[in-house]
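Subject: Structure handover

Hi,

Here is the structure for you to look through. My notes on it follow below.

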Amino acid sequence: MSAQNDLRQAIELMQDGQVARAVDMLNRLLGDAELDDRGRAAAYVWLAEAREDSAFKIRCLERALEHDPDNQQIRQGLQQLMAARPQPGQLPQMGPERQRTELDETPPVIGIVGGLNGPASGVFVKGAGLIATTSYAIGSAKHVTVTLDAQRHQAGAVLRRLPTYDLALIETGLRLARASSAAPPSMIAENSAFIALGYGGARLRGALGRLNRRGARHWLRTTIPPVHMPDAGGNPLYDENGQLLGLLTRNVDGAGAALAIKMSHIVALAEGLGRDRQLMPDAMYCPACGSLTRARSYGGRHCETCGAAQEVDSAEAAMPPQVAKLAALYGEDAGRPCAHCGVRVGSYEGRCLRCGHAVASSVVAES
């Protein structure tokens, strides 16, 4: 068996939780002259996963960089570990608060419970504890439970759903020592092998296919039919070097195989959500369509994107509507004013949409 095949087997053993066997094989591989520099770097990266000791991890990643100095994912992971390491004279922050909110080790796959379509899998997107799973899994739920393992569970709030991408973004109170290593788009090649992880222990093996140029921008074509997926989706795809490729969705290609959204695009969408929340701090999540709505903060009762009724609390129910802002939000000031009732909601087939009276033909033409 070649050194590359041995490395692949060692990675699979580590992913299966057989740490001792994986470590033994990795150590033997590091002394094998047949293993090339990139393979040797990958071996050190996976060896770092065998222990929680940050000093050990740093040593492993330093050795990995010696063999693959241009690998930005390894360099970034090393920088994050170095930044999190206590400086001389600085006591590490311990205690129950840190134990509850910070993870030194990021699970390669997590469970999502409480969505409308059953249990799902997911993966951390960024160090701030943002989680990605499928929109299909969440449905109209606003809150879910994030399961890290049998002992650790966290409440999660749905921030945004993007049904076009079958993607949902969930916020938790967790903070990560380092985020998962995502493969850069330029390193993802057709026919590359991958493993898709399900939280319940399922492991689906497949390969990447070819998409047309337009589809390849955001998607990865897989060889996995949705019927073989172990849950409601959100299964992270890892390559043989342990890099995160994307997230398995319920969207399919023309042949009926599941599409995965690229991790790089998920990160971009998450960053876009962050910008939206900064620009619209008063916006709230609409569980019906998954968008952000500002209507409630102006005394409105319906989402301006989909028109769904919004649940309001007693304080919001007592809030007088801000008519001008709601008119702009709902597009009620987009047309010319009706000569009968004065509102700007527009017309259809020659009649005002608000009062039903006939409007002048010139108004009809402009509306």
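Is C286 buried or exposed? C286 counts as buried, because its relative accessibility is 0%. Buried means under 20% relative accessible area, exposed means over 50%, and partly exposed is in between (1.4 Å probe, protein chains only).

Two notes on the ground rules. This is a predicted model, so local features need pLDDT of at least 70 and side-chain atom pairs count only at pLDDT 80 or more, while totals for chains, interfaces and linings use all residues. Residues are numbered from 1 along each chain as its sequence is written, and side-chain values use heavy atoms, with hydrogens and water left out.

**Cysteines**

A disulfide is a pair of cysteine sulfur atoms within 2.5 Å. By that rule the count is zero. C286 is in no disulfide: the nearest cysteine sulfur belongs to C289 and is 3.8 Å away. C338 is buried too, at a relative accessible area of 9%.

**Cores**

A nonpolar core is a set of buried Ala, Val, Leu, Ile, Met, Phe, Trp, Tyr and Cys residues joined through side-chain atoms within 4.5 Å. The largest has 28 residues, and L7, L26 and L47 touch the most other members. At least two residues each come from α1 (3–15), α2 (19–30), α3 (37–47), α4 (54–67) and α5 (72–84). Helices (H or I, at least four residues) and strands (E, at least two) are DSSP runs, numbered from the N terminus.

Look at L47 next. Contact means heavy atoms within 4.5 Å. Neighbours within four places in sequence aside, L47 is in contact with V23, L26, N27, L30, F56 and C60. Its helix, α3, is mostly covered, with eight of its eleven residues buried. The buried residues in α3 are G39, R40, A41, A42, A43, Y44, W46 and L47.

**Helix α10**

In α10 (residues 323–330), L326, A327 and L329 are buried. They cover an arc of only 165 degrees around the axis, so they sit on the same side of α10. The arc is that of the directions from the helix axis to the C-beta atoms. After α10 comes G331, with a positive phi near 80 degrees.

**The aromatic pair**

How many aromatic pairs does a search of the whole structure find? The search finds one. Rings of Phe, Tyr and Trp (its six-membered ring) pair if their centres lie within 6.5 Å; planes under 30 degrees apart count as stacked, over 60 as edge-to-face and the rest as tilted. Y165 and W219 form a tilted pair, 6.0 Å centre to centre, with 35 degrees between the planes. The pair links distant parts of the chain, 54 residues apart. Y165 is in the loop between β6 and β7, and W219 is in strand β11 (residues 219–221). Y165 counts as buried at 19% relative accessibility. W219 counts as buried at 14%.

**Positive phi away from glycine**

Most residues other than glycine have a negative phi. D166 has a positive phi of about 55 degrees although it is not a glycine. D166 lies in the loop between β6 (153–162) and β7 (167–171). D166 is buried, with a relative accessible area of 5%. N191 also has a positive phi, of about 75 degrees, and is not a glycine. N191 lies in the loop between β8 (175–176) and β9 (193–197). N191 is exposed, with a relative accessible area of 59%.

S192 is in the loop between β8 and β9 as well. S192 counts as partly exposed, at 25% relative accessibility. Residues up to four places away not counted, S192 touches G206, A207 and L208. S192 and D239 are 47 residues apart in sequence, yet 7.6 Å apart in space, C-alpha to C-alpha.

**T293**

T293 is in strand β16 (residues 292–293). T293 is buried, with a relative accessible area of 0%. A polar contact is a pair of N or O atoms within 3.5 Å; within protein, one must be able to donate a hydrogen and the other to accept it, and residues adjacent in sequence count only if both atoms are side-chain atoms. The side chain of T293 makes one with the side chain of E304, at 2.6 Å. A polar atom of the T293 side chain also lies 3.2 Å from the backbone nitrogen of A295. Leaving aside neighbours within four places in sequence, the contacts of T293 include Y285, C286, C303 and Q310.

Best wishes
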